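Colleague: I have some questions about the terms used for this model. Please set each value against its definition.

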Amino acid sequence: DRSWTFEELDDEERKMKAYEQLLERKEAAEEAWVEEVSASLRETGSGTSFGTRTGEAAAAAAADAGASKRRIRGEVLRRWQATAGAQGLRLEHAGAALGWRLVAARSFAQGEVLLLAPPAATAMDESAAEAVCHACMGPPAEGATLRRCSGCQFAHYCSEAHQKLAWAQMGHAAECKLIATAKPRTPTRSMRLAAIAAHVSLKAAPGWHAEPGALLSLQPRDGSADGTDSDVAAVALLVARLLAASGLTPPPRPDYLSALLARLRCNGHTLHDSQLQPHGAGLYPLASLVNHACLPNASASFQFRQFGASPSTPAEVGSGTTVAKTSADTTDPGPAQSGRQPRRPSALCLILRATRHLARGEPLSVSYIDLAAPFQARQLSLARGYGFACTCAERCLNVDTAHSPAWLYEALIAGVNCPQCQQPW
């Protein structure tokens, strides 16, 4: 274990920067390709492809859409309310701007698990494609290498069981065909995530957390819902064409993919490991009801584990116990053996923990952005990524008023000049 010389450290730093620049150039090239194809689709006006309804059929569908959406949304809300209630939470409507949110139905201690939510879809970044398992986000075992999918040559897995699980239940069948059809290009993460979510939801059983009604009940960005945004609609049409060409069944419609892309814009979660290194993105419908705060009372982590406790099984969440990964979580959940309880499914679940004491009736909150960023940078990130401005009293209200709570936080983070001496506070 010799020490490193300064020359060796400089050389390693140069290699890391060169690799980062290579990834940035590749990502820029892929985004340019998507924009180029999307622009051509917008110009050709191919929105009526794949059986888009026109004339009387469109009018009849529109007449039934309102009642159908209200009925489905009511069913989804009832299921969400039941799932939240089993974990010591409840749903509350916070107005048109915020929509539905999760609220503590009882008090929670600091560090206690608030919510365990399974994903509707997860997709790994291209930079992490060969570094972590695409099912559990775990690194390879010491001395071992990850198994590569022979179809797309993109996804990697730590075991055969996880590879089978990803194909059968986690939507890799759609992602694999999308990537293989798009070669030599690699579809962007958003395109892959939408394809996975669409495929999983269209095959989901009624009442499943990933069914279409649950995904479409999420609040989209203004102007991007249901294909009204031309960019979203063009990318959705591109994904639909690629999946149709791949022979995937059932093939998702462009309008459904467009609606999913609109909701992924502001409901996706960044998948990160215990060191907070990002590896991908996921869509967690129930966890998407947790709103933003610049001083949040909860934080999210991700763990591959079983979910969906049966009524006879004591709930692990909301009881103050530690969520631990068991050996059963790493196996492919197959059919139950005779005389045994059915094995619960496993997935890369989102686990929300309280960062401080929560009182009964207090809304849950997380940070959508970098907490260490100064006021202007935070507001810009929220406006660009989520379409709103934060007005929390702790960090965003009266930020220009000397010695207000928000002003003091800015002083600690970015440095604020004293209004009297004009020196850094």
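Modeller: Start with the surface. The accessible surface of the chain is about 22100 Å², and 53% of that belongs to carbon and sulfur atoms. Areas come from the Shrake-Rupley method with a 1.4 Å probe; for residues, only the protein chains shown count as cover. This is a predicted model: local features need pLDDT of at least 70, side-chain atom pairs count only at pLDDT 80 or more, and totals for chains, interfaces and linings use all residues. Residues are numbered from 1 along each chain as its sequence is written, and side-chain values use heavy atoms, leaving out hydrogens and water.

Colleague: Why is Cys-152 called buried?

Modeller: Buried means under 20% relative accessible area, exposed over 50%, partly exposed in between (1.4 Å probe, protein chains only). Cys-152 has 3% relative accessibility, so Cys-152 counts as buried. Cys-158 has 34%, so Cys-158 is partly exposed. Over the chain, buried residues make up 42% of the 425 residues.

Colleague: What makes S3 an edge strand?

Modeller: Strands (E, at least two residues) and helices (H or I, at least four) are DSSP runs, numbered from the N terminus. The chain has 12 strands and 10 helices. Two strands pair if DSSP finds at least two bridges between them. S3 and S11 (residues 346-354) run antiparallel and are joined by four bridges, one of them linking Leu-116 to Ile-351 in S11. The open sheet has three strands in the order S3-S11-S10, with antiparallel pairing. Strand S3 (113-117) and strand S10 (298-306) each pair on one side only, as edge strands.

Colleague: What makes the largest nonpolar core a core?

Modeller: A nonpolar core is a set of buried Ala, Val, Leu, Ile, Met, Phe, Trp, Tyr and Cys residues joined through side-chain atoms within 4.5 Å. The largest has 80 residues, and Trp-80, Leu-102, Leu-352 and Leu-364 have the most contacts inside it. A second, separate core of nine residues includes Phe-375, Cys-390, Val-399 and Ala-406.

Colleague: Which residues is Trp-80 in contact with, leaving aside neighbours within four places in sequence?

Modeller: Contact means heavy atoms within 4.5 Å. Trp-80 is in contact with residues including Leu-91, Ala-214, Leu-218 and Leu-289.
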